[in-house]
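I opened my notebook to look up a few contacts. Here is what I went through.

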Amino acid sequence: MSGYASLKEEAWSANREIPVRGLALYTWGNVSAFDPQKGVFAIKPSGVPYLDLKPEDMVIIDLEGKVVEGTLNPSSDTPTHAVLYREFAVNGAALVRGIIHTHSTYAVAWAQACRSIPLFGTTHADHIPIAVPCTPYLSREAVERGYELETGNLIVETFRKGLAGTVDSHSSVEGSGISGSGIVAPLDPDEVSMVLVGGHGPFAWGPSAAKAVYNGVVLEEIARMAALTLQINPSAKPLPDYIVNKHYQRKHGPDAYYGQTSSVSSK
């Protein structure tokens, strides 16, 4: 029996959620699950329909992108996942244990427009406290050097540069609650759990593969809401910072009070 059975099961279950949540047509997306103790992740095999997947089909990959276990070709996006786990979870100590990439419609539309998604409302603020960042296009040299690997490097570099590193840095900063030196402060992957790659599409992550899928669903929904907001009012402004801070902190801050505590009875 495989020593990675539970990791494969986690990745398999998360990938099966992609069509259920309407995040991709055909095979246009993938999820991985990471085990930091073993230094490997399980990822969907390339081009296999979600409903045909079995747990044993998941491919085990190390952080150098090498196949550790599996007979099928891993997702073509595997090098991107490897970079993000290595730089965010291992080197950066972020709680990233799952990653999702899809071509969901509204998130892709914003990526194709090379626009960060403005923080217009509290649904967005409940999940991340700034605009969803959008990277610039990859350079010709980067694409020729290694497209998927360099996609991961571009995401990491964008996070290192902070909001000033996004493709539309001025509009990303506006209404973000960040000013001065904070504009170039690195983004925290534990706080900003999603990104758009310019001209490509969305990536999201979380403390488990299931939570990564959840964040992918959230990203698609706030992308749709933002697009509709601008249809209704092309001059819409970002949500005021004091409302952003309230909504984010009540769910994620040190004195968060949204939801139930572990001490609450199940009755």
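Is Glu150 buried or exposed? I noted first that the model is predicted. Glu150 has a relative accessible area of 12%. Buried means under 20%, so I put Glu150 down as buried.

Next I looked up its partner. Glu150 forms a salt bridge with the side chain of Arg145, at 3.0 Å from N to O. Arg145 is exposed, with a relative accessible area of 56%.

I then went through other salt bridges. The structure holds seven. One of them joins Asp57 and Lys54, at 3.6 Å from N to O. Asp57 is buried at 14%, and Lys54 is partly exposed at 40%.

Another pairs Glu87 with Arg160, at 3.1 Å from N to O. Glu87 sits in helix α2 and Arg160 in helix α5, so this pair ties together parts 73 residues apart in sequence. Glu87 is partly exposed at 21%. Arg160 is also partly exposed, at 48%.

My next entry is on helix packing. Helix α1 (residues 5-20) packs with helix α7 (residues 209-232) at an angle of about 20°. Their axes are 8 Å apart. The angle makes α1 roughly parallel to α7. Their crossing is right-handed. From α1, Glu10, Ala14 and Glu17 make the contact; from α7, Ala209, Ala210 and Val213 do. I sorted these by class: four nonpolar, two charged and no polar residues.

Last, I checked Ser193. Ser193 lies in the loop between α6 and β6. At 9% relative accessibility, Ser193 counts as buried. Ser193 touches residues including Phe203, Trp205 and Asn215.

Note on methods:
Residues are numbered from 1 along each chain as its sequence is written. This is a predicted model: local features need pLDDT of at least 70, side-chain atom pairs count only at pLDDT 80 or more; totals for chains, interfaces and linings use all residues. Side-chain values use heavy atoms; hydrogens and water are left out. Axes are lines fitted to C-alpha atoms, for helices over the stretch in contact, and angles run from 0 to 180 degrees between N-to-C directions. Helices (H or I, at least four residues) and strands (E, at least two) are DSSP runs, numbered from the N terminus. Angles under 35 degrees count as roughly parallel, over 145 as roughly antiparallel, 65 to 115 as roughly perpendicular and the rest as oblique. A crossing is left-handed if the near helix is turned anticlockwise from the far one by less than a right angle, and right-handed if clockwise. Contact means heavy atoms within 4.5 Å. Ala, Val, Leu, Ile, Met, Phe, Trp, Tyr, Cys and Pro count as nonpolar, Asp, Glu, Lys and Arg as charged, and the others, Gly among them, as polar. Buried means under 20% relative accessible area, exposed over 50%, partly exposed in between (1.4 Å probe, protein chains only). A salt bridge is a side-chain nitrogen of Lys or Arg within 4 Å of a carboxyl oxygen of Asp or Glu. Lists of a residue's contacts leave out its neighbours within four places in sequence.
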